[in-house]
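Please keep the structure open while you go through them.

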Amino acid sequence: MSLPADRARNGAGGPRGSNLRGVRAHNERLVLSLLRSRGEMSKADLTRLTGLSAQTVSVIMRALEEDGLICRGQPLRGRIGQPSVPLGLARDGAFSLGLKVGQRSLDLVLVDFLGGIRTRVTERHRYPTPDTVVRFAVSAIADILSQLGADERARIAGLGIAMPFHIWHWWRTLGVPEEALLDWRGRDIGVEIGAATSLPVQVQNDGTAACGAELLFGYGHGPRDFLYFHLGYFIGGGIVLNGSLVPGRTGNAGAIGSMLVPDGWGGQTVLLDIASLSVLERMLGEAGEAAERLWDTPSEWHFPMPLVEAWADAAGRAIAAAAAAAVAVYDFEACLVDGWMPIPVRSLLVERVRAHLAAIPASGIDLPLIEAGSIGAHARSLGAASLPLSARFCSICRPSPRPAPAEAPSTLPSAFPEAVDPRTKAGGACAPFVAGLASD
């Protein structure tokens, strides 16, 4: 069985038919979003949370089950009446490919509907070029697809690419000639890989993509508004407001690496010059350590702990300064910190950020909570893979491209966008987006 075509695109008919199909597609994505964030739920619970009629919810659940996107759980016994049968997302309901373009490595993953990594292919390099990225991606995708059955291949939603924007700006930091990265100015690897593989492709800034992975595959009950810090070769980030990922006007929102912070010597520098793993790589090399091993595996490092602690303290001080500056602009509830590092090192870094943030004067602002992210080292790869899944099946991780109606209904808790009842065709913030799908 293949993935269902977007119901907003199917069928013939006039505007009324298109609007009803768009309403149904929106409500299906809303139900899938609720199941993703809250786990298995009964039809009664979904009816209560969405404000839709029981009949509408039954029709939606039946269609999603027939499409293989949801499955039945174990009956809940011990209550009055017939046992309730919860429904949840089907792990094999859909798949997605994610490509991370890093400054030191390439990573391609195949993930299932719940975000589990099924296959992973990695290649290290000194620096990325469009030719090497396209070659790697096309070859790795072909290899992965050859290992799947026809039904699994038909359920692949697409390819997401997470990559730094303006790669050609970083030649000095990478220690390569300027001309080595100039090809990036005139190349669109998303178009090239899409043409070679016939897959729909979406491209997003790597920090924003990692933040999207936290939102889609993370714990599900985190803060509604948070600033996200991800430490890779460079530090990057993302923004979540009211439970939705905010990519910004150019897709580069959350470019926290460019924020000015104290350099520890009475001056200022950009955050990425202190709180990036490229800094730790340089420190390791200067200490005579095999710095390239930093990129072998994020699960464990075998480096002198005093050196790692010194880096974490400096990085923590700089991240704390950036966090304090950010909440002066928008009162984020929390800042999440994650990256390519062992969990104990991430815990150390979070502790240092908290300690330095507590020492910053906070007159007139409320300092944010500092918490560890829940995805870990592969957040950028998972974030890339989340792009096709989020675009096709999710309502909570994608902001509406236009303002919500002034008189939006409020039948749902604030954690979720409003449902659309096909009897009234009234909708909330996501309704303009869904209606626009038919003309994409």
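1. Basis. This is a predicted model: local features need pLDDT of at least 70, side-chain atom pairs count only at pLDDT 80 or more, and totals for chains, interfaces and linings use all residues. Residues are numbered from 1 along each chain as its sequence is written, and side-chain values use heavy atoms, with hydrogens and water left out.

2. Main core. A nonpolar core here is a set of buried Ala, Val, Leu, Ile, Met, Phe, Trp, Tyr and Cys residues joined through side-chain atoms within 4.5 Å. Buried means under 20% relative accessible area, exposed means over 50%, and partly exposed lies in between (1.4 Å probe, protein chains only). The largest core has 81 residues, and Leu 99, Phe 229, Leu 271 and Trp 311 touch the most other members. Helix 10 (residues 305-329) supplies the largest share of this core, 14 residues. Helices (H or I, at least four residues) and strands (E, at least two) are DSSP runs, numbered from the N terminus.

3. Another core, of 42 residues, lies apart from the largest one. Its members include Leu 49, Met 61, Ala 213 and Leu 216.

4. Trp 311. Contact means heavy atoms within 4.5 Å. Not counting residues up to four places away in sequence, Trp 311 touches Leu 231, Ile 274, Ser 276, Leu 277, Val 279, Leu 280, Met 283, Met 341 and Val 345.

5. Ser 276. Is this serine, Ser 276, buried or exposed? Ser 276 counts as buried, because its relative accessibility is 0%. It sits in the loop between strand 12 (268-270) and helix 9 (277-286). Its side chain reaches the backbone oxygen of Leu 272 at 2.7 Å. Beyond its neighbours within four places in sequence, Ser 276 is in contact with Gly 232, Tyr 233, Phe 234, Ile 235 and Trp 311.

6. Salt bridges. The count is 18, taking a side-chain nitrogen of Lys or Arg within 4 Å of a carboxyl oxygen of Asp or Glu. Arg 135 and Glu 123 meet in one of them, at 2.8 Å, N to O. Arg 135 lies in helix 4 (residues 130-146) and Glu 123 in strand 5 (residues 117-124), so this pair ties together parts that are 12 residues apart in sequence. Arg 135 is partly exposed at 46% relative accessibility, and Glu 123 is partly exposed at 25%.

7. Arg 346 and Asp 338 form a salt bridge, with the closest N and O atoms 3.0 Å apart. Both Arg 346 and Asp 338 are buried. In the bridge between Glu 289 and Arg 293, the closest N and O atoms are 4.0 Å apart. Glu 289 is partly exposed at 26%, as is Arg 293 at 31%. Arg 91, Asp 92, Asp 112 and Arg 118 are linked in a salt-bridge network.

8. An open sheet of 5 strands runs in the order 10-9-8-13-14, with mixed pairing; two strands pair if DSSP finds at least two bridges between them. Strand 10 (244-245) and strand 14 (369-372) are the edges, each pairing on one side only. Strand 9 (residues 235-241) and strand 10 run antiparallel, joined by 2 bridges. Ser 244 in strand 10 is the bridge partner of Leu 241.

9. Helices on the sheet. Helix 8 (residues 206-217) lies across strand 8 (226-231), strand 9, strand 10 and strand 13 (334-339), at about 50 degrees to strand 9. Helix 11 (residues 343-358) lies across strand 8, strand 13 and strand 14, at about 175 degrees to strand 14. Axes are lines fitted to C-alpha atoms, for helices over the stretch in contact, and angles run from 0 to 180 degrees between N-to-C directions.

Technical notes: Polar contact = N/O pair within 3.5 Å; in protein donor to acceptor, adjacent residues only side chain to side chain.
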